[in-house]
Amino acid sequence: MLLTKAYAKINIGLKVVGKDEKDGYHYVDMVTLPLELHDRIEIEKIPDNYDTILTCDDKSIPTDESNTVYKAVKAMKEKYGFKTKLRIHIHKNIPHCSGLGGGSADAAAVILGLNKILNLRATLEELCELGAQVGSDVPLCIINRPAHVLGKGEIIKPFKLKKGYYVLLCKPNKGLVTKDVYHQYDILNTKLNKDNLSLIKGLETDNFEEINSNYGNELEEAAISLNHDVEIIKEIIKKAGCDLVIMTGSGACVCGLSRNLKKLENLQSSLNKNKFDTEITKILY
């Protein structure tokens, strides 16, 4: 049996730069950072007289053909022609419908895991190409490094973060569906005067002024219009004095970044009293 980890990610810069009217997907300009927070995935070969089995300890997660892990296994079988039957179990830690990339991370971990357990000897580039067929964020999760992401998620430019942060994650009781948030964004068309290249430069040099001036998420207003708790949580975290406060991805999870772990722990207690789900983790770099 192979045990592997599927790492969450956050966006601290997200701009929408266009839309492909043919398929409805948006073109983005994002700055993403991987987190220590992860799901744990077990992959085990089983006898040929069984069908491949996918299970998850979070009953809210579907384990049918709609699951990205199922799609990843199917894509791997079609590409590499293996007939091995598998048991795959997801130990879920990354909140669902949160903008933390949990589904994509799980698919990426399974793609990497199958390459190892079945000795497929595929290159990272080949695995990323296959991952793009499963989901736009899967190649990014396969690479699992701080990155500037462009296009529909297929253009990934890793960079080096000079210094990390602790991250408090707080998710409203009600999640958000990516499709709904982008639809609302199309109506509101919120634009921020931010520069992701300057943001990356600030992260590479640990220039807080440059980071603070350029981080932002153009999907926030759309998400807040669908779930007001996003704004409430942002205000609570801001008042606590976190260095950076932002909703990640299409939401609904809000992130507070700080190098003061004690501050985040005190804030976590306050948010838990308000019955919001919280988690403290840190950026991997």
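**Figure 1. Overall fold of the predicted model.** The protein comprises ten helices and eleven strands, and the coordinates shown are those of a predicted model. Along the principal axes, the C-alpha trace extends over about 60 × 40 × 35 Å. A compact globule of 285 residues would have a radius of gyration near 19 Å, and the value for the protein, 19 Å, agrees with this. Of the 285 residues, 52% count as buried. Among contacts with a separation of 6 or more, 74% are made by residues 24 or more positions apart.

**Figure 2. The salt bridge between Asp-137 and Lys-9.** Twelve salt bridges are present in the structure, and the one shown here pairs Asp-137 with Lys-9, with 3.5 Å between the closest N and O atoms. Asp-137 is located in the loop between α3 (124-134) and α4 (138-143), whereas Lys-9 belongs to strand β1 (residues 2-19), so the pair ties together parts that are 128 residues apart in sequence. Lys-9 is buried, its relative accessible area being 6%.

**Figure 3. The salt bridge between Asp-186 and Lys-19.** The closest N and O atoms of Asp-186 and Lys-19 are 3.0 Å apart in this salt bridge. Distant parts of the chain are linked by the pair, with Asp-186 in helix α5 (residues 178-188) and Lys-19 in strand β1, 167 residues apart. Asp-186 is partly exposed at 33% relative accessibility, and Lys-19 is likewise partly exposed, with a relative accessible area of 34%.

**Figure 4. The salt bridge between Arg-87 and Glu-42.** Here the closest N and O atoms of Arg-87 and Glu-42 lie 2.8 Å apart. This pair joins two strands that are distant in the chain: Arg-87 is in β4 (residues 85-91) and Glu-42 in β2 (residues 26-46), 45 residues apart. The two partners fall into separate accessibility classes, since buried means under 20% relative accessible area. Arg-87, at 22%, is partly exposed, while Glu-42, at 15%, counts as buried.

**Figure 5. A network of salt bridges.** Asp-20, Asp-23 and Lys-152 are the residues linked in this network. Side chains of opposite charge can pair when their charged atoms come close.

**Figure 6. The largest pocket.** The largest pocket contains about 1,600 Å³ of space. Two or more lining residues are given by each of β1, β2, α1 (68-80), α2 (102-117), α3, α4 and α5. Helix α5 provides the largest share of the lining, with five residues. By class, the lining divides into 17 nonpolar, 22 polar and eleven charged residues.

**Figure 7. The second largest pocket.** A volume of about 160 Å³ is found for the second largest pocket. The residues lining this pocket are Thr-52, Ile-53, Leu-54, Val-69, Tyr-70, Val-73, Lys-74, Lys-77 and Ile-88. Strand β3 (53-56) and helix α1 each supply at least two of the lining residues. The greatest contribution is that of α1, with five residues. Six of the lining residues are nonpolar, one is polar and two are charged.

Figure 8. One cavity of 30 Å³ or more is present in the structure, and the largest cavity has a volume of about 60 Å³.

Notes
Residues are numbered from 1 along each chain as its sequence is written. This is a predicted model: local features need pLDDT of at least 70, side-chain atom pairs count only at pLDDT 80 or more; totals for chains, interfaces and linings use all residues. Side-chain values use heavy atoms; hydrogens and water are left out. A salt bridge is a side-chain nitrogen of Lys or Arg within 4 Å of a carboxyl oxygen of Asp or Glu. Helices (H or I, at least four residues) and strands (E, at least two) are DSSP runs, numbered from the N terminus. Buried means under 20% relative accessible area, exposed over 50%, partly exposed in between (1.4 Å probe, protein chains only). On a 1 Å grid over the protein atoms alone, a cavity is a set of points where a 1.4 Å probe fits but cannot get out, and a pocket is an open set with protein on both sides within 12 Å along at least five of seven lines; lining residues have an atom within 4 Å of a point. Grid points are joined across faces, edges and corners, and a volume is the space filled by probe spheres set on the points. Ala, Val, Leu, Ile, Met, Phe, Trp, Tyr, Cys and Pro count as nonpolar, Asp, Glu, Lys and Arg as charged, and the others, Gly among them, as polar. The radius of gyration is taken over C-alpha atoms; the globule rule is 2.2 Å times the number of residues to the power 0.38. Contact means heavy atoms within 4.5 Å.
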